[in-house]
Amino acid sequence: QRSRYDNFYMFSTDNRMVMFGPARDDKLMYYREGAPPTFDFQKEEMTQITRPAANPARVMRCTKLRKLLSDPTGKALTTACMTPIDIDGVHIGAWGTTITLDSYLMQAVGESVQGGENMIVSSDGELIAAPGMGKGGIVSPRELAAQQKKRGTGKLVAAIREHGGKSGVFQYGDRVIAFGHLKEPDWYFVMSMPSAEIVRQRAGALEIVAQ
């Protein structure tokens, strides 16, 4: 999987970590030399989503966009997908990868139909990926807030939940929304298209059939 991900890591419940990222430009120097002696990731979302109380099914879960631990300034946001590690029923840690917005999964939002837009949102309304979002595969907190406001992702996810189901299509203002639930990360893949565009395409198809 190294063609898709540039890092893998395992961390334990007592704050030990093993990382693999031989092709990374940063050479993992923050973790090798820069991290302070008090470095602790037990309160991070990537840790919390792997604990039995939060993840009783013991499956992979992904965080929302969060700051990179190796960037204390918090200027860059990425998502981490982690799988719990249990031995004899005891939770000892987790393993996974940090994913930037230029990963193969995030590239899917750029392949929309004419007039439409794709995006990935979390189950509580936070934007994960959208066309033109991020620079060099990384998005800043300021840009994330602006993009969420622009697209109204909180209200959109509320409408998806009200519609119900693991997938579906419904009218949303002057647009048609198609969605599918991505079970393990607990995200939604959303396709949005202007209603007028769908009517125009339908009319064109009917004309072709009539001919």
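**View 1. Overview of the predicted protein model.** The model is predicted, so that local features require pLDDT of at least 70 and side-chain atom pairs count only at pLDDT 80 or more, whereas totals for chains, interfaces and linings use all residues. Residues are numbered from 1 along each chain as its sequence is written, and side-chain values use heavy atoms, with hydrogens and water left out. Five helices and 11 strands form the secondary structure of the protein; helices (H or I, at least four residues) and strands (E, at least two) are DSSP runs, numbered from the N terminus. Of the 211 residues in the protein, 40% are buried, where buried means under 20% relative accessible area, exposed over 50%, and partly exposed in between (1.4 Å probe, protein chains only). The protein exposes about 12400 Å², of which carbon and sulfur atoms supply 55%; accessible areas come from the Shrake-Rupley method with a 1.4 Å probe, and for residues only the protein chains shown count as cover. Among contacts with a separation of 6 or more, 46% involve residues 24 or more positions apart, a contact being heavy atoms within 4.5 Å.

**View 2. The disulfide between cysteine 62 and cysteine 81.** The two sulfur atoms are 2.0 Å apart, a disulfide being a pair of cysteine sulfur atoms within 2.5 Å. The link of cysteine 62 and cysteine 81 is right-handed, with 105° about the S-S bond. It connects distant parts of the chain, with cysteine 62 in strand β3 (residues 61-62) and cysteine 81 in strand β5 (residues 77-87), 19 residues apart. Cysteine 62 is buried at a relative accessible area of 8%, and cysteine 81 likewise counts as buried at 8%.

**View 3. Strand β1 and its two antiparallel partners.** Four of the five residues of strand β1 (residues 8-12) are buried. Strand β1 pairs with strand β2 (residues 17-20) in the antiparallel sense over four bridges; two strands pair if DSSP finds at least two bridges between them. Tyrosine 9 has methionine 19 of β2 as its bridge partner. Four residues lie between the strands in the hairpin of β1 and β2, where asparagine 15 takes a positive phi near 75°. Strand β1 also runs antiparallel to strand β6 (residues 90-99), joined by four bridges, and here methionine 10 has tryptophan 95 as its bridge partner.

**View 4. Threonine 153 in helix α4.** Threonine 153 belongs to helix α4 (residues 153-163) and is buried at 1% relative accessibility. A polar atom of its side chain lies 2.7 Å from the backbone oxygen of glycine 125. Beyond residues up to four places away in sequence, threonine 153 touches Met119, Val121, Gly125, Leu127 and Gln148.

**View 5. Glutamate 45 in helix α2.** Glutamate 45 lies in helix α2 (residues 45-48) and counts as buried at 17% relative accessibility. Apart from neighbours within four places in sequence, glutamate 45 is in contact with Thr63, Lys64 and Arg66.

**View 6. Serine 195 in helix α5.** Serine 195 is placed in helix α5 (residues 195-210) and is buried, with a relative accessible area of 16%. Residues up to four places away in sequence aside, serine 195 touches Gln171, Asp174, Arg175 and Val176.

Note on methods:
Polar contact = N/O pair within 3.5 Å; in protein donor to acceptor, adjacent residues only side chain to side chain.
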